[in-house]
Amino acid sequence: MKLPLYFHKFKKKIKILTLSLCISSVLFSRDSILSHAAGYEDLMEAMENRKSLPIQSNEIENWPDGPLVGAESAIVIEANTGIVLYSKNIHEKLYPASTTKILTCLIAAENSSLDEIVSFSNHAVFSIERGSSNMGMDVGQSITMEECLYGILVGSANEVANAVAEHIGGSTENFAEMMNQKAAELGCQDSHFANANGLHNDNHYTSAYDLSLIAREFFQNELLTKISGTPTQHFEPSENQPDDFILRTHHRLVTQEYPYEGIIGGKTGYTDKARQTLVTCAERNGMKLICVVMKEESPNQFTDTIDLLNYGFNNFEVVNVSENETEFNIDNADFFQSNNDIFGNSKPILSLNKGSYLILPKTAVFEDTVSAISYDVEDEHQIARIDYTYNGVYVGNASVDITADAASSYDFDSSIEEIPEKEEVIPEENIIFVNIKKILLFTLIGAGVLILFFIIKSLLQNYSFSKRRRRSHSRRRRKDKWPTYKFTDKDWRL
């Protein structure tokens, strides 16, 4: 059967149209690829340019030179002391992205119990950006606070951060105010937080230094540290959450995709404006280091972090103060280092805290540090604090403590073994600590009063003695002037 002519013409047009669409699609894909490649090249060029930015810690005399990194801002601190080992633009205000969530979880852990039930509102679920990190929670579902912490720190779930914010603060706005208050308490000065999840907001920013302060507090919490170091977490169905699923962290040092000895935990972050951000904690050789990198390109946030952590562990060491200090010790003649307490005990009443240490470059020695003592301390068990610097950089401190032996100094000769067992049940509150400064002050005042008393007494005695002498002398003079007359027998006869 012969087809009509118009059908052949229509078929031909279809082929031409199909071919045109294919060519357009190819051209569009090529342009998209070229555009993406051009954008990627721009990002890589920007990253390389950031490597030339000044590293402030490299400008410190005799301080180890730190690595060149592509991050806009980076810092390494020792977590226990807060000492800054590496600094690059650490006070520049940048977008933190999901590293915000370490502050969210810190506040949640401090203001709730793990078994509290957190429900998901419509706002919590649908106010997040489409395609952003989530764990698929639906409106009306609920999970425990502990599961929320895993969802936020392992899965970086934005809707879970929202739900926690509403649960703790009553609203996401109120919770943001709590975040700003907590940041201020920790000493942050470059930050302002507008939400609990870190999704982009022009008014939501922080600095590498502030983020390290928050991380320092975060990694003092054992539970949060454990969760942030969890590679995967299995969520099982429950009465108010019907799904069975597994969350995996994006932190490649935690998953060991980039194996690193001593890794403890951390949190990733990314938005188009923030680029890659990363907070990481690791521990080796008695040092616990926190590294923060901001505005970096993937996967360099991980390689930068490794280089920075290696820099810290390889170039610095722990130096115990009590084992090296010679100026401030119990053999010194200063009153706060006396070998004997006021009761005559042979044991020192004051001592340098044996756990205090400095973080010094391996090329430096303890004698290179400069110390300054301060008596402005709040702890009732301490009498002073000694701060140490190295070439103008703070490297740690040590406290001068009142020893526990001072409390039992009434028993002059008993050894520890001779003390009855009942001493173990004496409440700590009943221990009386001696304030040496007050005792010295009272002693000086008492001595002054006694000296003044004796001076006044001496003056009064001298005055009284002198007056008696004058009176006695006057009587003698009057006696000498009185006429004398000797009686004779003749006179009696008159």
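Arg275 lies in strand 8, and in this predicted model the residue has a positive phi of about 65° although it is not a glycine. With a relative accessible area of 14%, Arg275 falls under the 20% limit and therefore counts as buried. Asn285, which is found in the loop between strand 8 and strand 9, likewise has a positive phi, near 50°, in a residue other than glycine. Asn285 is exposed, because its relative accessibility of 61% is over the 50% limit. As background to these values, most residues other than glycine have a negative phi, and most peptide bonds are trans. A cis peptide bond is found between Ser298 and Pro299, where omega is about 0°, and Pro299 belongs to the loop between strand 9 (287-296) and helix 9.

A search of the whole structure finds eight aromatic pairs, and two of them are set out below.

| Pair | Distance between ring centres | Angle between planes | Class |
|---|---|---|---|
| Tyr86 and Tyr311 | 5.8 Å | 75° | edge-to-face |
| Tyr258 and Phe302 | 5.8 Å | 20° | stacked |

The planes of Tyr86 and Tyr311 stand at 75°, and because an angle over 60 degrees counts as edge-to-face, the pair is placed in that class. Tyr86 lies in strand 2 (residues 84-88) and Tyr311 in helix 9, so this pair ties together parts that are 225 residues apart in sequence. Both Tyr86 and Tyr311 are buried. In the pair of Tyr258 and Phe302 the planes are at 20°, which is under 30 degrees, so the rings count as stacked. Since Tyr258 lies in the loop between strand 6 (245-248) and strand 7 while Phe302 lies in helix 9, the pair ties together parts that are 44 residues apart in sequence. Phe302 has a relative accessibility of 2% and therefore counts as buried. Tyr86 and Tyr311 also belong to one aromatic cluster, which they form with Trp63, Phe316 and Tyr390.

Which residues have the most contacts inside the largest nonpolar core? They are Met135, Val160, Val164, Ile290 and Val292, in a core of 56 residues. When its neighbours within four places in sequence are left aside, Val160 is in contact with Phe120, Met135, Met137, Cys148 and Ile152. Another core, of 46 residues, lies apart from the largest one and has Val76, Leu253, Phe316 and Ile383 among its members. Phe316 is also one of the residues in the aromatic cluster described above.

The second largest pocket holds about 420 Å³ of space. Its lining consists of 26 residues, of which Ser98, Ser133, Gly269, Tyr270 and Thr271 lie nearest the centre of the pocket. The elements that give two or more residues to this lining are strand 7 (263-271), strand 8 (275-284) and helix 9 (300-315), and strand 7 provides the largest share, with five residues. By class, the lining of the second largest pocket is made up of 17 polar, five nonpolar and four charged residues.

Definitions and conventions: Residues are numbered from 1 along each chain as its sequence is written. This is a predicted model: local features need pLDDT of at least 70, side-chain atom pairs count only at pLDDT 80 or more; totals for chains, interfaces and linings use all residues. Side-chain values use heavy atoms; hydrogens and water are left out. On a 1 Å grid over the protein atoms alone, a cavity is a set of points where a 1.4 Å probe fits but cannot get out, and a pocket is an open set with protein on both sides within 12 Å along at least five of seven lines; lining residues have an atom within 4 Å of a point. Grid points are joined across faces, edges and corners, and a volume is the space filled by probe spheres set on the points. Helices (H or I, at least four residues) and strands (E, at least two) are DSSP runs, numbered from the N terminus. Ala, Val, Leu, Ile, Met, Phe, Trp, Tyr, Cys and Pro count as nonpolar, Asp, Glu, Lys and Arg as charged, and the others, Gly among them, as polar. A nonpolar core is a set of buried Ala, Val, Leu, Ile, Met, Phe, Trp, Tyr and Cys residues joined through side-chain atoms within 4.5 Å. Buried means under 20% relative accessible area, exposed over 50%, partly exposed in between (1.4 Å probe, protein chains only). Contact means heavy atoms within 4.5 Å. Rings of Phe, Tyr and Trp (its six-membered ring) pair if their centres lie within 6.5 Å; planes under 30 degrees apart count as stacked, over 60 as edge-to-face and the rest as tilted.
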